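Reader: I would like to learn how to read surface patches, pockets and cavities in a model. Please take me through them one at a time.

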Amino acid sequence: MSYQQGYPGMQPHMSVTVDNVDVERKIYWKMALAYAAIFIAIIWVVQLINWATGGLLIQYGIHPLDVSSLPGIVTSPFLHSGWPHLIANTVPAALFVFLIALSGPKPFWEVTGIVTVIGGLGTWLLGGVGTNHIGASGLIYGWLAYLVIRGLFNRSIIQVLLGVVLAFFYWGLIFGVLPTDAGISWQAHLFGAIGGLVAGGTITSDDPAELIQKRQRKKALKQSGRR
């Protein structure tokens, strides 16, 4: 958006009115709330089905080095070992989905896709033969890592401050990437976080309008200099 308010992910327009900015802001807030609500609804419904079937769905997690379990890279984040596991993941998942989706659908799906692939493959490769990895915490670590560092790459003061606040409140999660507790998938946490860092440093769909315009001016200057 020529969106002077610093909402990333929207394309800049030639002109914009205050009314347009307010409308766009409301649309993105509603969309972000919907994304968060839908994700939480899915993982709770899946857990309800899993509970009702006596844990039948747990088999669809990530089984390291088992080729047949590769689809588990996609399905494992929706599965949880029990209600306490699910409840522990619900609030941070809802918060991080909402904050990322505020930038628009494209940044959200790009970040989530990168985190899912890197986190899932890393866990599948190094998670330990004979184990089964489930839970949304790999995504949560990836989303958090992205939110913490993205302001450094897209030069958004608001996002830098948000990253500092999130890092302060969730600093304790750093211990989750260490092999300290048996039964905790530190591999999913670690590689999920790596995926978030990669996403934060590579995607550009969440860039503020000012940065997009600056890049466009540089590109135009380079092209004019070649003529």
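**Reading the surface and the spaces inside**

Author: Start with a nonpolar surface patch of about 420 Å², made by Leu65, Leu125, Leu126 and Val129. Keep in mind that the model is predicted.

Reader: Let us step back to the fold. How many helices and strands does the protein have?

Author: There are 8 helices and 0 strands. Read from the N terminus, the elements run α-α-α-α-α-α-α-α. Of the 227 residues in the protein, buried ones make up 45%.

Reader: Now pockets. What is the volume of the largest pocket?

Author: A pocket is an open set of points, whereas a cavity is one from which the probe cannot get out. Here the largest pocket has a volume of about 420 Å³. Its lining has 20 residues, and His85, Ser137, Ile184, Ser185 and His189 lie nearest its centre. Helix H3 (83-101), H5 and helix H7 (186-202) are the elements that give two or more residues to this lining.

Reader: Which element gives the most to the lining of the largest pocket?

Author: H3 does, with 4 residues. Next, sort the lining of the largest pocket by class. It has 8 nonpolar residues, 12 polar and no charged. Gly is counted among the polar residues, so read that class with care.

Reader: Which helices each supply at least two residues of the lining of the largest cavity?

Author: Helix H4 (105-126) and helix H5 (137-154). The largest share, 5 residues, comes from H4. By class, the lining of the largest cavity divides into 7 nonpolar, 9 polar and no charged residues.

Reader: Finally, single sites. Is Gln159 buried or exposed?

Author: Gln159 has a relative accessible area of 3%, so it is buried. Gln159 lies in helix H6 (residues 157-169). Now compare sequence and space. Gln159 and Ile149 are 10 residues apart in sequence, and their C-alpha atoms are 8.4 Å apart.

Reader: Is Asp206 buried or exposed?

Author: Asp206 counts as buried because its relative accessibility is 2%. Its place is in the loop between H7 and helix H8 (209-225).

Reader: How many residues apart in sequence are Asp206 and Asn154?

Author: They are 52 residues apart in sequence. In space, the distance from C-alpha to C-alpha is 7.5 Å.

Reader: Which site should I return to as a recap?

How values were computed: Residues are numbered from 1 along each chain as its sequence is written. This is a predicted model: local features need pLDDT of at least 70, side-chain atom pairs count only at pLDDT 80 or more; totals for chains, interfaces and linings use all residues. Side-chain values use heavy atoms; hydrogens and water are left out. Patches are made of residues with over 30% relative accessible area and no salt bridge: like charges are joined within 9 Å, nonpolar side chains (Val, Leu, Ile, Met, Phe, Trp, Tyr) within 5 Å. Accessible areas come from the Shrake-Rupley method with a 1.4 Å probe; for residues, only the protein chains shown count as cover. A salt bridge is a side-chain nitrogen of Lys or Arg within 4 Å of a carboxyl oxygen of Asp or Glu. On a 1 Å grid over the protein atoms alone, a cavity is a set of points where a 1.4 Å probe fits but cannot get out, and a pocket is an open set with protein on both sides within 12 Å along at least five of seven lines; lining residues have an atom within 4 Å of a point. Grid points are joined across faces, edges and corners, and a volume is the space filled by probe spheres set on the points. Buried means under 20% relative accessible area, exposed over 50%, partly exposed in between (1.4 Å probe, protein chains only).
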